[in-house]
Amino acid sequence: MSTGKINVSVENIFPLIKKFLYNDHEIFLRELVSNATDATLKLKHLTSIGEAKVEYGQPIIEVKIDKEGKKIHIIDQGLGMTADEVEKYINQVAFSGAEEFLEKYKDSAKDSGIIGHFGLGFYSAFMVAEKVEIITKSFKDEPAAHWTCDGSPEFTLEPSDKTSRGTEIILHIAEDSLEFLEDFKIRELLTKYNKFMPIPIKFGTRTETLPKPEDAAEDFVAETIEVDNIINNPTPAWTKQPTELKDEDYKSFYRELYPMQFEEPLFNIHLNVDYPFNLTGILYFPKMSSDLQLQKDKIQMYQNQVFVTDNVEGIVPEFLGMLKGVIDSPDIPLNVSRSGLQADSNVKKISNYITRKVADKLKGLFNENREDFEKKWNDIKIVLEYGMLSEPKFYEKAGDFVLYPTVEDKYYTLSELKDALAPNQTDKNGKLVVLYASNKDAQHSYIDSAKEKGYEVLLLDSPIVSHLIQKLESDNENLTFVRVDGDSIEKLIAKEDTQISKLSEDESEKLKTVLETLVPKPTYNVQLEALDSNAAPFMITQPEFMRRMKEMSQSGGGGMFGMGNMPDMYNLVVNSNSELATTILNTEDKNVQEHLVKQALDLAKISQGLLKGEELTAFVKRSFELIK
């Protein structure tokens, strides 16, 4: 037996480890199971190249709880260590020049993989244990060793009678961490962090009933046996090649990732790159809600099949944060405790690669089966539109597959839309006018009026559509978007058969004066327009510019432009060729004239959803009086 002092340059490194390196006590199990996995995989490699003259077999990692003894055991069948290797890897390497090490890696971006290299993962055990033992036997023909440390720099190292290859870590759980002696807690941690580790992990046993033989007698009693309870999937779908997987395999893995998710994903994207960095993964497009806040932290990040975090900000482009799935990369630079991302050039490369891969996949789906892509459009559009606004590289590719649906469920790409509008929807300056609705039901009368004139109306109803429209207009000089209930269509679109007003100039001025005395100011700006006699007598529109400014102020842009909450301002468009306009003009009874204007204005308000509360109640009463 030998005794000694761990080679450390501070009086007691353990409080620093506990406070500085790890802020979450539960990761001790992740680190110890990861070390056991590393030891097993290293042995597999050594046997494959002939350096280890032993039988690799079918090793597993076992986690056991001894509740009475207040101990947790983590046992592997990996390459083990000799006494000299324990001295080297446990007592010296991790803590040589500890103060310099902590300072060096505090804010550094060069610590990718630092835990495995420096053995710090092992010392996370002291976050929950008052004493730790290592009992280990190397695959080499050398005696086993037994190391013990009570959380101070003092340790003991002595021979052990262990005869089987591998390492057993024994944690003597501290009084403030007794929760980790509960089965459900350990199972929860193994499922969270080690669910897809590449070596089978045993935690307890389960009962299985042997199948009944075909020739068994009627009174045959089935035998039950105890079998190892393996809680992980060592070969998850993302570790395989896409050619090895069928559509059902991807769906099955989705259910494994999200057991409480009952809807199937729309489609998936398999990521697989080995240069200039290593990255694998599977991203799923779920059915999307229009609420951007509902989809978040659904992508899980792994390093070599070890769960790290579900906060992938900075690695996965922001617009894809609404997707679900897994990414796994040993090249993602994390801080020492694996709890945070470090700045690194690889991160941007990975983000750009994922953006490009997703865009290529979407283009492929569009080209392979456009009809199916169109059916899924409403479920994925919010992600793609957000991507166009937030990722220039995605925007460059989006023209090949982003769709613009009409109220009649026709779908155009942007280039197809331009071709469709060119003959019929051009303004006086030669720009194409894209009419769109944001609410098919609320704007039905305006849509119907536009369709009667032969105009195409898009249905653009996502919460970020106003921002997308500005982006498209800035990049397409010959394109302007106008909401169908915005500025009067007749003012915008150049037509040869322009209507001529039936009223003289003096009559028009007189009618406008009457209307302006009866219509509330400054909310409504009265405009007389010579429209088809069948068009609505009164229509309320909102100037496109003012409406966009108001939408921006409501979505947070107001502060930026110093606008605050902008007041509502509308145009009241009165059809001077309508019979109602003539009746109002020629009515001498001022009460009747006021009544006609009030009723017509309220009807126009209803079509815009603007008549509410007391005004709506008064309108209903007045309408019933009319039909008595």
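Helices are DSSP runs of at least four residues, numbered from the N terminus. By that rule, Lys393 lies in helix H11, residues 392–398. The model is predicted.

**A positive patch**

Lys393 belongs to a patch of positive charge on the surface. Lys393 has a relative accessibility of 45%. Buried means under 20% and exposed means over 50%, with partly exposed in between. Lys393 therefore counts as partly exposed.

**A buried threonine**

Thr309 sits in strand S13, which covers residues 306–309. Is Thr309 buried or exposed? Its relative accessibility is 18%, so Thr309 counts as buried. The side chain of Thr309 also makes a polar contact. It reaches the backbone nitrogen of Asn311 at 2.9 Å.

**Backbone exceptions**

Most residues other than glycine have a negative phi, and most peptide bonds are trans.

Which residues does a cis peptide bond join? They are Lys521 and Pro522, and omega is about -5°. Pro522 lies in a loop. That loop runs between helix H16 (505–518) and strand S20 (524–529).

Lys70 has a positive phi, near 55°. Its place is the loop between strand S2 (61–66) and strand S3 (71–75). The relative accessible area of Lys70 is 33%, so this residue is partly exposed.

Asp409 has a positive phi too, near 65°. Asp409 is found in the loop between strand S15 (404–405) and strand S16 (411–412). With 54% relative accessibility, Asp409 counts as exposed.

**An exposed aspartate**

Asp441 is in the loop between strand S17 (432–437) and helix H13 (444–452). Its relative accessible area is 67%, so Asp441 is exposed. How far apart are the C-alpha atoms of Asp441 and Ser607? They are separated by 9.9 Å. Along the chain, the two residues are 166 residues apart.

**Accessibility side by side**

The table gathers the accessibility values from the sections above.

| Residue | Relative accessible area | Class |
|---|---|---|
| Thr309 | 18% | buried |
| Lys70 | 33% | partly exposed |
| Lys393 | 45% | partly exposed |
| Asp409 | 54% | exposed |
| Asp441 | 67% | exposed |

Note on methods: Residues numbered from 1 in each chain as written. Predicted model: local features only at pLDDT ≥ 70, side-chain atom pairs only at ≥ 80, totals over all residues. Heavy atoms only, no water. Patch = residues over 30% accessible without salt bridge, like charges linked within 9 Å, V, L, I, M, F, W, Y side chains within 5 Å. Areas by Shrake-Rupley, 256 points an atom, 1.4 Å probe, with all protein chains shown as cover. Salt bridge = Lys/Arg side-chain N within 4 Å of Asp/Glu carboxyl O. Lys, Arg positive; Asp, Glu negative; His and termini not counted. Charge placed at Lys NZ, Arg CZ, Asp CG, Glu CD. Helix = DSSP H or I, 4+ residues; strand = E, 2+ residues; numbered from the N terminus. Buried < 20%, exposed > 50% of the residue type's maximum accessible area, 1.4 Å probe, protein only. Polar contact = N/O pair within 3.5 Å; in protein donor to acceptor, adjacent residues only side chain to side chain.
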